[in-house]
Amino acid sequence: MKTVRFLGIALIIVLLPRAGHALDPSRAITQYAVQTWFAKDGLPQNSVHAIYEDSDGYLWFGTEEGLTRFDGAHFTTFNQATGSLHHNYVVGLSPALDGGFWIGSLNGGLAHYKGGTFTQRGQELGIANNAVRPAFEDGRGGLWVGTVGGGLVLLQKGHATAYTQRDGLPSD
């Protein structure tokens, strides 16, 4: 029972959306300018599965054709063709405690980006498979990684602990 309660709390922490502070809640949405971008504007394709704003103000978009950085005027794409990622289908972006960010991709595992450098991570860390969705650093040295079919994996001090349906998760 203790394990199920722990897993429930951990799952809530990992999957809970973080509060956004980009919009003033006292203003109506109609008071803002809206801009929409498509492949014709520089995105590698039109499906965006994740969005992240880094500390330098760049917007990063996870798409089915790679990770794209937007500086307010131009898009730069990082993917298999550029040698940056092992797989193009990016579905998760989340902050890393070191100032970089984590990139989850279907079939490409986990990657970390900081200071212009991509570092691939994956099954060598103990993640059950390379279909990675969200990742979250808990502030105590643990990296929680959600997978597709491999459960929730806690990477901590060089050790991987996988939590699955056997441990009380509703799905792996």
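Q: Why is His 112 called buried?
A: In this predicted model, His 112 has a relative accessibility of 10%. Buried means under 20%, so His 112 counts as buried. The residue sits in strand 7, which covers residues 109-114.

Q: What makes the pairing of His 112 and Asp 98 a polar contact?
A: The side chains of His 112 and Asp 98 are joined at 3.0 Å. The cut-off for a pair of N or O atoms is within 3.5 Å, and the 3.0 Å between these side chains meets that limit.

Q: Which residues does His 112 touch, not counting residues up to four places away in sequence?
A: They are Ala 96, Asp 98, Gly 100, Phe 101, Trp 102, Thr 117, Phe 118 and Thr 119. Touching here requires heavy atoms within 4.5 Å. Asp 98, the polar partner of His 112, is one of the residues listed.

Q: Why does Trp 144 count as buried?
A: The relative accessibility of Trp 144 is 4%.

Q: What polar contact does the side chain of Trp 144 make?
A: The partner is the side chain of Asp 138, at 3.1 Å. With the cut-off at within 3.5 Å, the 3.1 Å pair qualifies as a polar contact.

Q: How far apart are Trp 144 and Pro 134 in sequence and in space?
A: The two are 10 residues apart in sequence, and their C-alpha atoms are 8.2 Å apart.

Q: What makes a residue part of the lining of the second largest pocket, and which ones are closest to its centre?
A: A lining residue has an atom within 4 Å of a point of the pocket. The second largest pocket holds about 220 Å³ of space. Its lining has 17 residues, of which Arg 121, Leu 125, Leu 143, Leu 155 and Gln 156 are the closest to the centre. Strand 10, strand 11 (152-156) and strand 12 (159-163) each give at least two residues to this lining.

Q: How does the lining of the second largest pocket divide into nonpolar, polar and charged residues?
A: There are 6 nonpolar, 6 polar and 5 charged residues in the lining. Leu counts as nonpolar and Arg as charged.

Q: How many helices and strands does the protein chain have, and how much of the chain is buried?
A: The protein chain has 1 helix and 12 strands. Of its 172 residues, 38% are buried, and buried again means under 20% relative accessible area.

How values were computed: Residues numbered from 1 in each chain as written. Predicted model: local features only at pLDDT ≥ 70, side-chain atom pairs only at ≥ 80, totals over all residues. Heavy atoms only, no water. Buried < 20%, exposed > 50% of the residue type's maximum accessible area, 1.4 Å probe, protein only. Polar contact = N/O pair within 3.5 Å; in protein donor to acceptor, adjacent residues only side chain to side chain. 1 Å grid on protein atoms, 1.4 Å probe; cavity = no way out; pocket = protein on both sides within 12 Å on 5 of 7 lines; lining within 4 Å. Points joined across faces, edges and corners; volume = space filled by probe spheres on them. Helix = DSSP H or I, 4+ residues; strand = E, 2+ residues; numbered from the N terminus.
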